[in-house]
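Let's work through a few exercises together. Have a look at the structure first, then try each task before reading its solution.

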Amino acid sequence: MTPTLLTDTTSKGYDTGSQGSHNIAKGLPHPHPIPQFTDMMEKRKWMLEHMACAFRVFGRKGYSVGSAGHISVKDPVTPGTFWINPLNKHFSLIKASDMVHVDDNCNILPDGNQAAVNAAGFSIHVAIHKARPDIAAACHTHSTYGKTFSTFGRELEMINQDVCIFYKRQVVFSNFGGVALDEREGEEIAEALGANGIAAILQNHGLLTTGSTVDEAAFLFTLLEDSCHAQLLADAAAASGIKKQIISDEVADYTCKMTGDPESLYAEFQPDFELEVELTNGAFLK
């Protein structure tokens, strides 16, 4: 991927240079560039394998809650369609062959798993994919710290380096209307994301992240969940009188630009991919 050129320099002298995973690699090129494909069927296979891995990672981290939670990825072969997980299958058991291929009317297409999908999940994901052509993948679960922090209906503060990836790219969706069976609920979530949002805190509900690859969206979800956990701990400490130090806008913006691009975020997920291959002997690839 060609780095995105940035030419500004901050008042502190930070040279933003160009975005990309080269910013974190020194001595040799980064070991995990985003692969490029000329064969879209090969890209689909790769995409489904990485989608299955995202579920395994989510399962390992304890994000699977009954029928709640879903990941979707746009199909690179057939425009206007996407892949999503089957209803009521534990994240830790999901394989690439379990994914269900649907169109924007939720017709189950014959080249994927023939299984029911989560109705609320479909409503959310179809709306996001229609509203944001730049989004290839989206993740949503009812993870513990995410749904806990969501009860406050507020954004995360810039209290550490990691959360700066969400600087001015997080939104709060406050119009919770119960389980999102109504298509309008999904459309409102997509509207809340706006043109540039990469993450949403769904008040009284959970978390949602997006990306140009499923790897990016999945890494962002784990980061958002960890950031909610850190925020809750910091708020609890602050309640006892310890003052929080908030990162300045300038430093948060610089950190976001240097570590929050699609190439860098894709690369951040690859250690988890390699771990899941090792832990499962590649079972999720089937």
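**Exercise 1. Find what the charged end of Arg154 sits over.**

Step 1: a charge sits over a ring if NZ of Lys or CZ of Arg is within 6 Å of the ring centre and within 35 degrees of the ring normal. Step 2: apply that to Arg154, and you land on the ring of Phe152, with the charged end 5.8 Å from its centre.

Before going on, note that this is a predicted model, where local features need pLDDT of at least 70, side-chain atom pairs count only at pLDDT 80 or more, and totals for chains, interfaces and linings use all residues. Residues are numbered from 1 along each chain as its sequence is written, and side-chain values use heavy atoms, with hydrogens and water left out.

**Exercise 2. Work out what kind of aromatic pair Trp46 and Tyr266 make.**

Step 1: rings of Phe, Tyr and Trp (its six-membered ring) pair if their centres lie within 6.5 Å; planes under 30 degrees apart count as stacked, over 60 as edge-to-face and the rest as tilted. Step 2: a search of the whole structure turns up nine such pairs. Step 3: for Trp46 and Tyr266 the centres are 6.3 Å apart and the planes are at 40 degrees, so this pair is tilted.

Step 2: Step 5: buried means under 20% relative accessible area, exposed over 50%, and partly exposed in between (1.4 Å probe, protein chains only). Trp46, at 14% relative accessibility, counts as buried, and Tyr266, at 4%, counts as buried too. Step 6: ring pairs also bring in Phe37, which forms a cluster with Trp46 and Tyr266.

**Exercise 3. Which residues touch the most other members of the largest nonpolar core?**

Step 1: a nonpolar core is a set of buried Ala, Val, Leu, Ile, Met, Phe, Trp, Tyr and Cys residues joined through side-chain atoms within 4.5 Å. Step 2: the largest one has 50 residues, and Met51, Phe58, Ile71, Met99, Phe166 and Phe269 touch the most other members. Step 3: among the elements giving two or more residues to this core are helix 1, helix 7 and strand 6 (137-141). Helices (H or I, at least four residues) and strands (E, at least two) are DSSP runs, numbered from the N terminus. Step 4: another core, of 12 residues, lies apart and includes Val171, Ala200, Leu202 and Leu208.

**Exercise 4. Is strand 9 buried or exposed?**

Step 1: six of the six residues of strand 9 (residues 206-211) are buried, so the strand is largely enclosed by the rest of the structure. Step 2: Gly206, Leu208 and Thr210 point one way, while Leu207, Thr209 and Gly211 point the other.

Step 2: look for partners, where two strands pair if DSSP finds at least two bridges between them. Strand 6 pairs with strand 9 in the antiparallel sense over five bridges, and His140 has Leu208 as its bridge partner. Strand 8 is also antiparallel to strand 9, over four bridges, with Ala199 bridged to Thr209. Step 4: three residues lie between strand 8 and strand 9 in their hairpin, where Asn204 takes a positive phi near 60 degrees.
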